[in-house]
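Hi,

Here is the structure I said I would pass on. Have a look at it first, and my notes on what turned up follow below.

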Amino acid sequence: MDTHTIDTADTPPPQPEEQTPWLTAREQRMWRAHLEVAKLLDYQLSRELQPHNLAINDYEILVVLSEAPDRRMRMTDLATATLQSKSRLSHQITRMETAGLVLRQECPGDRRGLYAHLTEHGWETMQQVAPDHVRSVRAHFIDRFTPEQLDAMYEALAPIADHLRGLRGKP
């Protein structure tokens with residue numbers, strides 16, 4: 001009987017090499033830096049929205065609605081634009097409705113369809129919060145790059161965003 005054991009805690013499951021193209025050390029370093037930056041930036045921006053009684057998802061909805069025609073959007077389109085499930089968005093809109101930031105409205109000609117509409121209070125909140133949020137984005141992200149690095153980051157990220165939007169079937 002063989003008493004040798006293999007510690008597989010740090011070893012990926014055995015698979016033929018051609019099936020799993022493992023990340024190189026360089027690729028792993030970049031991937032983990034991306035994950036860490038995304039999480040830390042989300043955390044920091046969320047923290048800085050708290051004094052305004054907003055979560056980062058609330059702010060995103062305010063932005064999307066503020067840029068939409070008539071400051072309203074079908075709930076299904078808003079869910080797509082904010083990468084949220086319809087159910088999660090519905091709960092969030094309920095909270096934002098309670099705060100007076102948005103209002104649900106029926107869609108003419110579509111009994112089941114609903115619009116999320118930015119209220120005047122929501123618009124005023126957006127105008128009040130936006131300068132602080134932009135300063136935060138600038139301080140914690142944009143100003144960390146040279147103009148050349150900004151261009152390079154955009155050139156690197158835009159094709160990835162295009163690819164992922166394509167997988168969702170959204171332009």
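One thing to keep in mind is that this is a predicted model. I'd start with the sheet: it is open, built from 3 strands in the order S1-S3-S2, and the pairing is antiparallel. Strand S1 (72-74) and strand S2 (102-107) sit at the edges, each pairing on one side only. From one strand to the next, the twist averages 30 degrees.

If you want to see how S1 is held, look at strand S3 (residues 110-118): 3 bridges join the two, which run antiparallel.

Helix H2 (residues 56-67) lies across S1, S2 and S3, and runs at about 100 degrees to S3. Helix H4 (residues 86-98) also packs on the sheet, where it touches S2 and S3, and its direction makes about 120 degrees with that of S2.

Then there is a helix pair. Helix H1 (residues 25-49) packs with helix H5 (residues 120-140) at an angle of about 150 degrees, and their axes are 10 Å apart. Over 145 degrees counts as roughly antiparallel, so that is what H1 is to H5. The crossing of H1 past H5 is right-handed.

Which residues make the contact? From H1 they are Leu41, Gln44, Leu45, Glu48 and Leu49, and from H5 they are Val129, His133, Ser136, Val137 and His140. By type, the residues of this H1 and H5 contact split into 5 nonpolar, 4 polar and 1 charged.

Cheers

Methods: Residues numbered from 1 in each chain as written. Predicted model: local features only at pLDDT ≥ 70, side-chain atom pairs only at ≥ 80, totals over all residues. Heavy atoms only, no water. Axes fitted to C-alpha atoms, helices over the stretch in contact; angles between N-to-C directions. Helix = DSSP H or I, 4+ residues; strand = E, 2+ residues; numbered from the N terminus. Parallel < 35°, antiparallel > 145°, perpendicular 65-115°, else oblique. Left-handed = near helix turned anticlockwise from the far one by under 90°. Contact = heavy atoms within 4.5 Å. Nonpolar A, V, L, I, M, F, W, Y, C, P; charged D, E, K, R; others polar. Pairing = 2+ DSSP bridges.
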